[in-house]
Amino acid sequence: MSAITVSNLSKTFGKNRALDKVSLTVERGEMVALIGASGSGKSTLIRHIAGLETADSKGGRIDVLGDLCQDGGRLNPRLKRGRISVIFQQFNLVSRLSVMTNVLIGHLGRTPRWRGTLGVFNRDEKLKAHAALDRVGIPQVFAQRSSTLSGGQQQRAAIARTLVQEAEILIADEPISALDPSSARRVMDVLSSINSEDGITVVVSLHQVEYARRYCPRTIAMRDGAVVYDGPSTALSNEFLAELYGAASEELVLPDAPAGQAAPVAAMAAAAERERPRAELELA
Amino acid sequence: MTIQLHACLFKHETNFMSDATMTTNTATAKPLPKQPGSSRNGLILLAVVAALAYSWGPAEMGRWTYLFTDAGNMAEYASGFLKPNFSEWRFYLEEMIVTVQIAFWGTFLAVVFSIPLGILSAHNMAPWWVNQPVRRLMDMFRAIHEVVFAVLFVVAVGLGPFAGVMALFIHTTGTLSKLFSEAVEAIDPRPVEAIRTTGASRVQQVLFGVIPQVLPLWISLSLYRLESNIRSATVLGVIGAGGIGQVLFESIRGFYYPQASAMLIIVIITVSLMDLLSQQLRKLVI
């Protein structure tokens, strides 16, 4: 039984073909990158798999863990949500609630309805939430309002929410494109450990192919709503990307720093390093 | 004469300008793409002006001159209010408190009922076959004035404050649920989507995703309605719904202007105090 099976999925917004007969299968335990320039249909595909959007009528079907998710533009009315957890580009935390409450929301699908509705969470559930925050590296912020966190911390809180959800599949829609490089790396490390340690299937859409090469064995590349490549990430050389995307490939690749310019920067950094202790001494 | 001259000048100027644009047009040979909506804005402005002109006669706006020619009458009437008589201030204060109590209960009941009704009449929360009927019902509640409801309730529950409470409750429910639903329609849907993916129920999505987003605005709107209900409750006194309004209108009708003046001052102070209080409350909760 595959984790995700998308067959012949098409979606049209007005005249714009956002998804064009997309078919793909993701097996359990895989970590798959979904790359493509902006507007290539990555987010739309992810929103369909998450059951947040329905395809065109006669627009194909999606199965998740052997259960029908949607078929021919109709969501399965008996769809049990919560088996897929989703991470969003804009984190989508409830900004006025505390980080703890935001993480506890991950339990809502599984706690008894009345208890979840009244917001009564037991000790066990709270411990799990703390453990999740610990794991993503922000245990100290649980009592803060989530709007007070930095972008990277918010995304990690959102990951904690999905950890608590204990879903078998995690899909992430450009989780790092709103983050600075070091936060981005930390978030990708957490996603990668969720995949390797917990055996959770991870599908992550990315804007930059470097991260796909580094973290995901398999990459699916999209262009204009269609899958144009599906295979090992190592085969995605910059030349091959240029072939796939033409001029648009530039936005997928971080420019490699020219060797000639790297040296002075390194020298300056070293100089700054030497400078620092002296400055501290003067201050003292 | 001068007007004609101006027209001449203007005409000349426009000629000159169109010449200039023509030359630049031929130079670049590419007309600018027309900004969409510029003609629409003009039409809207025209419609507003037409509506105002159409309403001028029926609203008897032509009588504005009387404001100046007959201002003496007003001054004479107002002079009766210049010497407020506070000799019975304890009684006025008691009645004022009754008015505030009427407003408080009316607003409280309205807020309680507006929460579900506001959510049900928001188009992003309920399907049209729910939100349209709820909205029409709320329109009805809102369209009928408190005073009309008060008369209705006086018949049912008798003269006194309870009729006032019910009247305020119904009318305020109509207003608040519309305002509440507008706040709900303006929320960021993305956190709600995130909660939906966890497997939360519809009610849970609203409780955890919607309410936290709209709560500050809802509280602010409710406090504002409480203030305006204190004013409305004063008017409700006229038709016998208790409180300071009843005493106020009785004294105006009996030409006891100094007493009426004292009561008005008490009303003004109360409303100002409410304003200050609600400002503090707002700061506390937001």
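Val32(A) stands opposite Val203(A) in β9(A). This pair belongs to a predicted model, in which local features need pLDDT of at least 70, side-chain atom pairs count only at pLDDT 80 or more, and totals for chains, interfaces and linings use all residues. Residues are numbered from 1 along each chain as its sequence is written, while chains are lettered from A and ligands numbered from 1 in the order in which they are written.

Strand β3 of chain A covers residues 31-35. Helices (H or I, at least four residues) and strands (E, at least two) are DSSP runs, numbered from the N terminus. Five of the five residues in β3(A) are buried. Buried means that 20 or more other C-beta atoms lie within 10 Å of the residue's own; exposed means 12 or fewer, and partly exposed lies in between, with C-beta atoms placed from the backbone. In a regular strand the side chains alternate between the two faces of the sheet. Both faces of β3(A) are covered. Met31(A), Ala33(A) and Ile35(A) lie on one side, and Val32(A) and Leu34(A) on the other.

What flanks this strand? β3(A) pairs with β9(A), residues 201-206, in the parallel sense over five bridges. Two strands pair if DSSP finds at least two bridges between them. β10(A), residues 218-223, also runs parallel to β3(A), and four bridges join them. There, Leu34(A) stands opposite Ile220(A).

Now widen the view to the sheet. It is open and has six strands, in the order β7-β8-β9-β3-β10-β11 of chain A, with mixed pairing. The edge strands are β7 and β11 (226-232), each pairing on one side only. The twist averages 15° from one strand to the next. Ser85(A) has Leu170(A) in β8(A) as its bridge partner. Helix α1 of chain A, residues 42-49, lies across β3, β7, β8, β9 and β10. This helix runs at about 150° to β8(A). Axes are lines fitted to C-alpha atoms, for helices over the stretch in contact, and angles run from 0 to 180 degrees between N-to-C directions.

Next comes the interface. 23 residues of chain A are in contact with 18 residues of chain B. Contact means that two C-beta atoms, placed from the backbone, lie within 7 Å. On the chain A side, β7 (84-87) and α3 (113-118) are the elements that give two or more residues. By class, that side has 10 nonpolar, nine polar and four charged residues. Ala, Val, Leu, Ile, Met, Phe, Trp, Tyr, Cys and Pro count as nonpolar, Asp, Glu, Lys and Arg as charged, and the others, Gly among them, as polar.

The axes of α9(B), residues 189-197, and α10(B), residues 202-236, come within 9 Å and cross at roughly 145°. Pro191(B), Val192(B), Ile195(B) and Arg196(B) meet Gln205(B), Phe208(B), Gly209(B) and Val210(B) in α10(B). The residues of this contact divide into five nonpolar, two polar and one charged. After α9(B) comes Gly199(B), with a positive phi near 95°.

Finish at Arg63(B), in the loop between α2 (38-56) and α3 (66-69) of chain B. Is Arg63(B) buried or exposed? Arg63(B) is exposed, because 9 other C-beta atoms lie within 10 Å.
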